Amino acid sequence: MIYEMRQYRCVPGRLPALLKRFETITLKIWEKHGIRQAGFFTTLIGESHQELTYFLAWESLAEREKKWSAFVTDPDWIEGSAKSVADGEIVANIVSQILKPTAFSSVK
């Protein structure tokens, strides 16, 4: 199992719009493509309160490539994403890291 950590830094004031997009659009499309989330977090204490961090669980890099490619080209995602930014851009920056648990990690 590998994990992907994704951090979205929002345009100031747009975090609520990003959270709404995940809750009402993104998660349904992920479900359709078999993408498994391993947790979503907002920043309570840290550099920015305009961030969303989440983790995805993957069996392999090949699974990630197949399912993520299907997601980003899904017509429902393309339409929903476009509608969500009709009032202005939401995300200023995205950072993604693929993580492998250590031998002593409680998460495998």
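Trainee: Which residue meets D74 in a salt bridge, and at what N to O distance?

Mentor: In this predicted model, the side chains of D74 and K32 form a salt bridge. D74 lies in the loop between α2 (61-72) and α3 (75-84) and K32 in helix α1 (residues 15-33), so the pair ties together parts that are 42 residues apart in sequence. The partner of D74 is K32, with an N to O distance of 2.7 Å.

Trainee: Is D74 buried or exposed?

Mentor: The cut-off for a buried residue is under 20% relative accessible area. D74 has a relative accessibility of 5%, so D74 counts as buried.

Trainee: Which residue forms a salt bridge with R9, and where does that residue lie?

Mentor: R9, in strand β1 (residues 2-10), is linked to a distant part of the chain, 38 residues apart. The closest N and O atoms of the pair are 3.5 Å apart. The partner is E47, in the loop between β2 (36-42) and β3 (51-58).

Trainee: What separates E79 and K83 in helix α3?

Mentor: E79 and K83 form a salt bridge whose closest N and O atoms are 2.9 Å apart. E79 is partly exposed at 43% relative accessibility, while K83 is exposed at 57%. Because the two are four residues apart in helix α3, their separation is about one helical turn.

Trainee: Which residues are joined into one network, and how many salt bridges does the whole structure hold?

Mentor: A search of the whole structure finds ten salt bridges. Salt bridges with shared partners join one network, made up of R36, E59, E63 and K67.

Methods:
Residues are numbered from 1 along each chain as its sequence is written. This is a predicted model: local features need pLDDT of at least 70, side-chain atom pairs count only at pLDDT 80 or more; totals for chains, interfaces and linings use all residues. Side-chain values use heavy atoms; hydrogens and water are left out. A salt bridge is a side-chain nitrogen of Lys or Arg within 4 Å of a carboxyl oxygen of Asp or Glu. Buried means under 20% relative accessible area, exposed over 50%, partly exposed in between (1.4 Å probe, protein chains only).
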